[in-house]
Amino acid sequence: MDNNPIWQSTSANQLDLARVVVERTVMARVYHNALYLNEDGDVYRDQLFHGHINKLAKVVTPNHRDLRISKVYHYECPWSWAQAELVVISAYKTPRDKLQCVFRCATTIMNLLTLLTPVLVYVIIKTNPPSLYPTVQYVGSFYGNRLEGEEQYWWTQFCAAIELRQWINSFSREYHDK
């Protein structure tokens, strides 16, 4: 678009909007293949991951000792608002739109809390959006190099919150006992 004479007379804002429309159109057509690059292997891994988080959701509460969320926030938190922002992530097809769901979720939490990552872990567990793991790979692959500023910060926080090594081990012994 930058080199095409048709677009030379458009404003920067119009060009940005046109890029968004093109991105949405293209990604809507290739979405499933881009999300599950390894086809059935990725689908199976996502199903396992989703099932694991479902089990965690049955035992994890805001007062879970490993989350260390201050008791002050246990009853006055934006859990449902943050979950509402995150639950729609699978409805979007472009990495940019998916990232905006994460951005809105994190900023909803941050507007009321000072301790983000444990709360974000809790929100992710309780929401457990479909295709979460491949979504992280998808956004990273197709949009990661365009992240900057607040979007990059919140995406990094979100990825840290779903990093398996950090919380799966903490919670796995609890739901195996239940």
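Patches here are built from residues with over 30% relative accessible area and no salt bridge, joining like charges within 9 Å and nonpolar side chains (Val, Leu, Ile, Met, Phe, Trp, Tyr) within 5 Å. A salt bridge would be a side-chain nitrogen of Lys or Arg within 4 Å of a carboxyl oxygen of Asp or Glu. This is a predicted model, where local features need pLDDT of at least 70, side-chain atom pairs count only at pLDDT 80 or more, and totals for chains, interfaces and linings use all residues. Numbering runs from 1 along each chain as its sequence is written, and side-chain values use heavy atoms, leaving out hydrogens and water.

**View A. A nonpolar patch made by M1, V22, V26 and V30.** Together they make up about 280 Å² of surface (Shrake-Rupley method, 1.4 Å probe, with only the protein chains shown counting as cover for residues). V26 sits in helix 1, residues 12-35 (helices are DSSP runs of H or I, at least four residues, numbered from the N terminus). V26 is partly exposed at 43% relative accessible area (buried is under 20%, exposed over 50%, partly exposed in between).

View B. Ring centres of Phe, Tyr and Trp (its six-membered ring) must lie within 6.5 Å to pair; planes under 30 degrees apart are stacked, over 60 edge-to-face, the rest tilted. That rule gives five aromatic pairs. Y138 is buried at 1%, while F142 is partly exposed at 35%. Ring pairs also link Y31, Y138 and F142 into a cluster.

Key. Helix = DSSP H or I, 4+ residues; strand = E, 2+ residues; numbered from the N terminus. Buried < 20%, exposed > 50% of the residue type's maximum accessible area, 1.4 Å probe, protein only.
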